[in-house]
Structure formats: C-alpha cells, structure tokens
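Please work through the following exercises with the sequence and the coordinates side by side, and try each task before reading its solution.

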Amino acid sequence: MLPLLLLAGCAQMSEPVRGESPETRGGPQPILAYYQALGRLSAGELAKERSFLAALPASPHTQMRQAMLLGHPRGPQETGRALALVEQLLKSGDPAAVELQPVARMLADHYGERLRLEAQLERQGLMVKESQRKAQELQEKLDGLADIERTMTPRPGAGQGGKR
C-alpha cells in the first residue's frame, strides 16, 4: 500500500505545468516540481508558458515561476531579470514569499554565479581577441623585417666566413 501512495505522490508532482495553482499547496515542493516540469517542455512550450505566466496576477508563486522560466537553460535566458525577480522575493515579508525564500536563495546564488561566469567568459573572449591582434601585429613586423633583409644588398666579404 505504501509504494502505491509514494507512486501516486510522484505522479502528482509530474503533472502538467499549469495543472493547478501552486498557491493551493504549501512548501517548496510545488515550485520544485514546476522547475522539474520545465525541463520536459520544448522551446515553443516554454514560450507559451512565458505568455501564460505574464497573464497571471502577481503573486510570490507566479514571480518565482517567472524567475525559473527566465533563467531556464533551454529557453531564451534573461538571467539578470530572473535574478531581480528572485531578489524581490528574498526582500518580501509576504508569508507566501517567506515560504519560498529557501528556494529563492538557492536560485539567487545560482543566477549570480551564472552571471559572474558569463562576465568572466566575455572578458576572456576579449583577452583572446586582443592576444590575436597582438600576434598578428608581431607577425606583420616579422614579415616586414624579413622583407628588409631580402632587399638588402650583401656586404662585400660577408661570404668569406670571417677571414681576416
């Protein structure tokens, strides 16, 4: 009997994304189940979900769902906006927001780290471009010196190998 109850609980968590309002159940489990459900959606379905969430009235649960959707790796990422939404939840004293704050803290850390890594990657890309530019300049200088060397007339006695 217990395994059937556990399976029924797992089946409820994997229901469609819009199946029920997360406000009807407490704790972070519904919002975590929502995030898990986002992983099964296609890019088109993620876009539809974004439109659906935009039409919902503002609430901490909707805000958290929007942040998860904006930062989801399979959709068009807006990590900065997602982080801003999560930080609003962390500052809120609303009981529904307080209930979600442990998950919000985790997401804020994740999104902050992602933004830091993206900035680092961008800096490294600029450094690579600068290194390539400098290497090209050096190669041009070497080529110029080689051209000068080729056009120089040989000095008399240079072929004698150092005899005095």
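**Exercise 1: a buried arginine**

Not counting residues up to four places away in sequence, Arg114 touches Gly71, Pro73, Gln77 and Thr79, in what is a predicted model.

Task: place Arg114 in the secondary structure, and determine which side chain of opposite charge is nearest to Arg114 and how far away that side chain is.

Solution. Begin with the location, which is helix H6.

**Exercise 2: the largest nonpolar core**

Task: find which residues of the largest nonpolar core touch the most other members, and which helix supplies the largest share of this core.

Solution. Among the 23 residues of the core, those touching the most other members are Leu38, Met64, Met68 and Val86. Helices H2 (29–38), H3 (43–55), H4 (60–70), H5 (79–91) and H6 (95–151) each contribute at least two residues to this core, and the largest share, seven residues, comes from H6.

**Exercise 3: a nonpolar patch**

Task: decide whether Leu145 is buried or exposed, and identify which residues form the nonpolar patch on the surface.

Solution. Leu145 lies in helix H6 and has a relative accessible area of 55%, so Leu145 is exposed. The patch consists of Leu142, Leu145, Ile148 and Met152, which together have about 430 Å² of accessible area.

Technical notes: Residues are numbered from 1 along each chain as its sequence is written. This is a predicted model: local features need pLDDT of at least 70, side-chain atom pairs count only at pLDDT 80 or more; totals for chains, interfaces and linings use all residues. Side-chain values use heavy atoms; hydrogens and water are left out. A nonpolar core is a set of buried Ala, Val, Leu, Ile, Met, Phe, Trp, Tyr and Cys residues joined through side-chain atoms within 4.5 Å. Buried means under 20% relative accessible area, exposed over 50%, partly exposed in between (1.4 Å probe, protein chains only). Helices (H or I, at least four residues) and strands (E, at least two) are DSSP runs, numbered from the N terminus. Lys and Arg count as positive and Asp and Glu as negative; His and the chain ends are not counted. A salt bridge is a side-chain nitrogen of Lys or Arg within 4 Å of a carboxyl oxygen of Asp or Glu. Contact means heavy atoms within 4.5 Å. Patches are made of residues with over 30% relative accessible area and no salt bridge: like charges are joined within 9 Å, nonpolar side chains (Val, Leu, Ile, Met, Phe, Trp, Tyr) within 5 Å. Accessible areas come from the Shrake-Rupley method with a 1.4 Å probe; for residues, only the protein chains shown count as cover.
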